[in-house]
Amino acid sequence: MMSPEQISIIQATVPILETGGEALTSHFYKIMLSDHPEVRSLFNQAHQQQGTQARALANAILRYARCINNLGAMGNLPAQIIQKHVALQILPEHYPIVGTCLLRAIREVLGVEVATDAVIDAWGAAYWQLANILIAAETGEYEKLASAPGGWRGARQFKVAAKQPESSEITSFYLDPLDGAAVIRYQPGQYLGLKLLIDGQEVRRNYSLSQHADGRSLRISVKREAGGIVSNYLHDQVAIGQVLEVFPPAGEFVLKAGTEPLVLISGGVGITPTLAMSEAALLAGEREVVFIHYARNAEVQAFSATLSQWEREHPQFRKHIVLEEGATDGIGDVVCGRPSLEHLKHWIPAQSHAYFLGPKPFMRAIHQALIALGLPEEHRHYEFFGPAEALQ
């Protein structure tokens, strides 16, 4: 339990975090990844190099400090953190490492005159207040996943049953459980974690599940990223028949039940979870589904045949494809351009629930367009690939 004095100290550090939080979190990651190589596999090195992980952590710490008196005001941030931790199998023994390195970073970045013993004690209490909440919630999630039909805890072995190119950049991997037992029926929109050994180094990554749950197998669809260690390994070196270590599905960006029109908007590889959502909605009933996808050109636009098949077989399904290059505006359901309020105005039915994801600039544009169209906040659903940031 934090004392009133400690809470006051945390609140007083908000201006410092607003101006120098990213420098602090960058130093924290430098300390931790240097002194504790055993946790390196839990962090995406590309996000480290780009600074997105440090920026996201700084934003999260700032939000926590602002809400220290009312943690409920943090919204869905704790749920997002919990689900990402579960997907990567963050365990209670990892928390002391993070706490020790964070407090050291606070003292080294702010200096002993600012980061006094009282400040360090307050942040230690604040860290463990949040850590204990997360540990308890994550333990509950692990137990729930392990006890569910077809569920498991930790890594489970899956064999690559097939590899299917979906575009010039995206390949699907069909995964069958090596033990032949049932597979948990995950929620559309969730992702799973992979544990891989590449050049002698363990790495972990999350990938969205790109088809509805059938209780028998899994499918992920991975974009080849320029310089991406894991995506290139999967594309070039993982062969049919190879066995992969797979963590249970996680994620709280999931399709909610309803009868209102469903609008799924994706950019690039953001199409992967929206495919699972579409398929689940079409199998469930007559709910209207509007599928809007943006891609650079026809070569990188994935799942064209699947979308066309759904349109033929399901009268309640409509698709709109927008290509930056190589399309002539107004021909069929493929148009030329970028996210456009004018397009969305004609495509999105009233009272829709819209789910959208893709690159961050794309998501900001879509978010602003949905606001301009008058879609209420509770009808706008989104998630970031990688570290979360604010859309505003």
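Helices here are DSSP runs of H or I, at least four residues long, numbered from the N terminus. The model is predicted. The tour has two stops, each a pair of helices.

**Stop one: α2 and α6**

Select residues 14-35, which form helix α2, and residues 95-110, which form helix α6. Their axes lie 8 Å apart, and the packing angle is about 125 degrees. Angles of 65 to 115 degrees count as roughly perpendicular and those over 145 as roughly antiparallel, so α2 is oblique to α6. The two helices cross in a right-handed sense.

Now show side chains. On α2, pick Ile16, Ala23, Leu24, His27, Phe28, Ile31, Met32 and Asp35. Facing them on α6 are Ile97, Val98, Cys101, Leu102, Arg104, Ala105, Ile106, Glu108, Val109 and Leu110. Color this α2–α6 contact by class: 14 residues are nonpolar, 1 is polar and 3 are charged.

**Stop two: α5 and α7**

The crossing of α5 past α7 is right-handed.

Which residues of α5 and α7 meet? From α5, select Pro78, Ile81, Ile82, Gln83, His85 and Val86. From α7, select Leu134, Ala137, Glu138, Glu141, Tyr142 and Leu145. Colored by class, the α5–α7 contact shows 8 nonpolar, 2 polar and 2 charged residues.

How values were computed. Residues are numbered from 1 along each chain as its sequence is written. This is a predicted model: local features need pLDDT of at least 70, side-chain atom pairs count only at pLDDT 80 or more; totals for chains, interfaces and linings use all residues. Side-chain values use heavy atoms; hydrogens and water are left out. A crossing is left-handed if the near helix is turned anticlockwise from the far one by less than a right angle, and right-handed if clockwise. Contact means heavy atoms within 4.5 Å. Ala, Val, Leu, Ile, Met, Phe, Trp, Tyr, Cys and Pro count as nonpolar, Asp, Glu, Lys and Arg as charged, and the others, Gly among them, as polar. Axes are lines fitted to C-alpha atoms, for helices over the stretch in contact, and angles run from 0 to 180 degrees between N-to-C directions. Angles under 35 degrees count as roughly parallel, over 145 as roughly antiparallel, 65 to 115 as roughly perpendicular and the rest as oblique.
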